[in-house]
Amino acid sequence: MSLNPKPVLALGDPLGTASLRVSPQDFFVEESLGFEPEGEGEHAFLRIEKTGIGTQELAQQVATLANVPRRDVGYSGLKDSRAVTRQWLSVGLAGKPAPDWRSLEADGRVAILEVKQHRKKLRRGVHRANCFVLALRDLRTPDKSLLEQRLQQVAQGGVPNYFGVQRFGHNGSTLAQARHWLDRGGRRIARNRKSLYLSALRSALFNALLAERVEAGTWCEVAEGDACMLNGTHSVFAFDGEDPSVAERCRQGDVHPALPLWGRGEPLGSALRHQAYYDCFGEWQGVADGLCNQGLSLAYRPARVLPDDFCWEFCDDDALRLEFSLGAGSYATAVVAELVEINDGDVGSGASIE
């Protein structure tokens, strides 16, 4: 396994090139919480539209304005700065009067859309989905009809659920730093930095396992010994090969094969299959061991993601407009990669990291 490998594509070579995010308005993301704030409680929930500012920078501004520690500001997913994004943040006020939230709008990068109250802090990864509207500009394709067929393939069968390369830092820098840190014994570092490193390492191992399934043509099929995940949920079960309806449900998109997010714990499915995954890591087996030693618990992530409400339009200005929704933690760039190659080097996600 090499450092930060380029994802193995499932549907064939890209069918052209395009530019992603000529302007921030070309990448619009809206977070769908999946629940409504209760209307009472000590946490202010702010629904915000932001342009040209990252989630963590915004969270610090909110904490400063509210005169609370940064840890009292919560969000469900990190959203990219080079995009127009709508998301929720929570602020624990604990009896303090609410500041004038509109003052966040002063520099024009932020708009306050809603303010509600809730009893609990907003936690990472609790939102249901992200809704995307993308404009792929300067589209160059040798055959638009083939690209149309590829779009239909994606709509019907989905794409491999890779973590985006932005997860690993610019040119893989975060992943390289994380590997160096773990190889030196995983010494004590700041909590946020440690979380970033562990996330990058575990994501890289997942991508390597998924690339193996893509190369084998089994990323969208279940086999005996697999762990499986119900579409749109975190419900996981082992497939013993005896129930033929599971394979049919997989073909229909109701069930997906699931691959491990490495950690310690009893694996679902076949122990031999889990050992085969470990063997696949090669020189990165020490990373797998290190993740266990750092206390991460074994979890699972679906190998396939199906974009919901997927639609597209070829525009007169040589642009391709895409609209779709993905479950929390899946990357829009995984969808785009199966269509065209982005020719401007932009790999930002605009998506939740968790």
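Predicted model: local features only at pLDDT ≥ 70, side-chain atom pairs only at ≥ 80, totals over all residues.
Residues are numbered from 1 along each chain as its sequence is written, and side-chain values use heavy atoms, with hydrogens and water left out.

User: How many salt bridges does a search of the whole structure find?

Analyst: Side chains of opposite charge can pair when their charged atoms come close. A salt bridge is here a side-chain nitrogen of Lys or Arg within 4 Å of a carboxyl oxygen of Asp or Glu. For the whole structure, the number of salt bridges found is 22.

User: Which parts does the salt bridge of Glu30 and Arg47 tie together, and how many residues apart are they in sequence?

Analyst: The side chains of Glu30 and Arg47 meet with an N to O distance of 2.5 Å. Strands (E, at least two residues) and helices (H or I, at least four) are DSSP runs numbered from the N terminus. Glu30 belongs to strand S2 (residues 27–32) and Arg47 to strand S3 (residues 43–51), so the pair links parts whose separation in sequence is 17 residues.

User: Is Arg47 buried or exposed?

Analyst: Buried means under 20% relative accessible area, exposed over 50%, and partly exposed in between (1.4 Å probe, protein chains only). Glu30, at 23% relative accessibility, counts as partly exposed. Arg47 has a relative accessibility of 17%, and therefore counts as buried.

User: What is the distance between the closest N and O atoms of Glu114 and Lys116?

Analyst: Glu114 is partly exposed at 25% relative accessibility, and Lys116 is partly exposed at 27%. In their salt bridge, the closest N and O atoms are separated by 3.4 Å.

User: In what order do the 4 strands of the open sheet stand?

Analyst: Two strands pair if DSSP finds at least two bridges between them. The pairing in this open sheet is antiparallel, and its order is S10-S9-S11-S12.

User: Which strands stand at the edges of this sheet?

Analyst: A strand at an edge has a single partner strand, so one side of it is left without a neighbour in the sheet. The two in this position are strand S10 (236–238) and strand S12 (299–302).

User: Which residues of H2 are buried, and why do they line one face of the helix?

Analyst: Helix H2 (residues 144–157) has 14 residues. An α-helix has 3.6 residues a turn, so residues three or four places apart point the same way. Seen down the axis of H2, the buried residues fall within an arc of 100 degrees (taken from the directions from the helix axis to the C-beta atoms), so they line one face. These buried residues are Leu147, Arg150, Leu151 and Val154.

User: Where is Ala332 placed?

Analyst: Ala332 counts as buried, with a relative accessibility of 0%. The place of Ala332 is in helix H8 (residues 332–337).

Methods. Expected span 1.5 Å × (residues − 1).
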